[in-house]
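Have a look at the model first, then read on.

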Amino acid sequence: MTEGKRRFLRMYICFNAMKLGFKQGLKPFIGLDGTFLKGHCKGQLLVAVAQDCQNHFYPLAWAVVDKENTLTWTWFLELLKYSLNLKDGTDITFTSDIQKGLLEAVRTIHPLSNHRFCLRHIEANWSKRIRISGEMKKYLWWSTWSTYEEDFKDQLKNLGELSVDAVKELLRYPPQNWCRSYFDTLCKNQMVKNNFTESFNSWILEARGNPILKMLEDIRIKIMNRLREKEEEVRTWGGEFSPNCLKLYAVYLKVANLCTVHFNGETGYEVSEGGDRHTLNQVEKKCTCRSWQLTGIPCPHTIRALKYEKEDPMTEISWWHNKEAYPMTYRDKLMPVGGEGNVEDVSCSVPQPTQPTQEGECESEFVFMPTPRQQLASAGTRVISFRGDHTSVSYPTDLPYSPTKLTWKGKEAVTKINWKCCFDGVCFVGSSAGSLLGSSSADSLLGSAIRIV
């Protein structure tokens, strides 16, 4: 109640068909974003979007709120956690822009999740802080596409030759949140951009200009039709794996023909590509280039080793890219509903917070973008090693430049602790000193799945 009047506060929606599709056929990779409502009733729409093996967006949940802040994001993520049974975020990877309220909410609700930052937002903020040339932007993207640390350092050195200040400004953003060299490998997704959530926002652009209830009904209808259309799409596939997967595999196959392989007679392979020598463990399905682990698709070094053994590399492609996974994502449908006169007034139980909070389609990421390698005196002279924990997550070590400070400027966040402190036990996310997320307020968590005040 506000001044004796009942007022709409916020509303959360997650259909059961979307829950089942996520659990049955989608990778544990979720994009988070907020977008403005454009109708007479102003506010924001918070969205959680997944991706199928064709890189199509798959809307999971959305909510109408008055504004985008720590309170509303915490409320939304609490309900999303309940809907998808995400627990503490273990084995889940989120991607988003660098919005302070969102980062704090993810840390609070899913403390053990992995969190990536959209490189386009980093690039935009980076370009505002220092004069950036086209050549420097090229090295930025080559840096984020690097799948192992040695290559990442090479690209930083190349960027540093153009501008030392540009590298120092860039490294204020923790590389483990935007560089493939340090990403987890559980979600089998190497996306460095959050544009698939923006594609969803563009897809519902017309609906966002309607009154709230009309907008939500339009979104429901669009999703109901989309589930049917995407299920029919699999019938056009020419093989057992998704077209995107086969596209990347074909490029890897060409690169594999340029590699040389040495075998120890058991399970170990050494595969040389240019000046780098990679180690392959076929039993653990790991290569030191990390591309196999990141995508679930055999990398050029794996393909070369398996062909050496006269085995079919396609048998090692992850199930996520299989023709079976795609239909399972879209087989559950939204059921048709009647008009307003047929809607029953029912009461429902919604999850309540247990403690107060602290204050279109997108471009394919499967397109192989090789980065230039430094030419060494002889092939395979630089040995690449395995790094990271059981999820392959690792942190930067001995980078050519080191960041020193953390500042917040609007939606921009940059780190203020140095790398040595991080490696001595202070974590960027959730640390008591030098936290990436900054301090919190004492706002209480309010709201429910559907809340009218």
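The axes of H5 and H6 cross at roughly 165° and come within 9 Å of each other. An angle over 145 degrees counts as roughly antiparallel, so that's the label for H5 against H6. Keep in mind that this is a predicted model.

**How H5 and H6 pack**

- The H5/H6 crossing is left-handed.
- On the H5 side, the contact is made by Glu135, Met136, Tyr139, Trp142 and Ser143.
- H6 brings Phe152, Gln155, Leu156, Asn158, Leu159 and Leu162 to that contact.
- Sort the residues of the H5 contact with H6 by type and you get 7 nonpolar, 3 polar and 1 charged.

- Glutamate 135 has a relative accessible area of 35%, so it's partly exposed.
- Lysine 138 comes out as partly exposed too, because its relative accessibility is 31%.

- Helix H6 covers residues 149-162, and lysine 153 and glutamate 149 sit 4 residues apart in it, so about one helical turn separates them.
- Buried or exposed: which is lysine 153? Buried means under 20% relative accessible area, so lysine 153, at 18%, counts as buried.
- Glutamate 149 is buried as well, with a relative accessible area of 3%.

**Salt bridges elsewhere**

- Helix H9 (residues 212-233) holds both lysine 230 and glutamate 233, which are 3 residues apart, about one turn of the helix.
- Lysine 230 and glutamate 233 form a salt bridge, and their closest N and O atoms are 3.4 Å apart.
- Both lysine 230 and glutamate 233 are buried.
- Arg228, Glu229 and Glu232 are tied together in a network of salt bridges.
- How many salt bridges does the structure hold? The count is 13.

How values were computed: Residues are numbered from 1 along each chain as its sequence is written. This is a predicted model: local features need pLDDT of at least 70, side-chain atom pairs count only at pLDDT 80 or more; totals for chains, interfaces and linings use all residues. Side-chain values use heavy atoms; hydrogens and water are left out. A salt bridge is a side-chain nitrogen of Lys or Arg within 4 Å of a carboxyl oxygen of Asp or Glu. Buried means under 20% relative accessible area, exposed over 50%, partly exposed in between (1.4 Å probe, protein chains only). Helices (H or I, at least four residues) and strands (E, at least two) are DSSP runs, numbered from the N terminus. Axes are lines fitted to C-alpha atoms, for helices over the stretch in contact, and angles run from 0 to 180 degrees between N-to-C directions. Angles under 35 degrees count as roughly parallel, over 145 as roughly antiparallel, 65 to 115 as roughly perpendicular and the rest as oblique. A crossing is left-handed if the near helix is turned anticlockwise from the far one by less than a right angle, and right-handed if clockwise. Contact means heavy atoms within 4.5 Å. Ala, Val, Leu, Ile, Met, Phe, Trp, Tyr, Cys and Pro count as nonpolar, Asp, Glu, Lys and Arg as charged, and the others, Gly among them, as polar.
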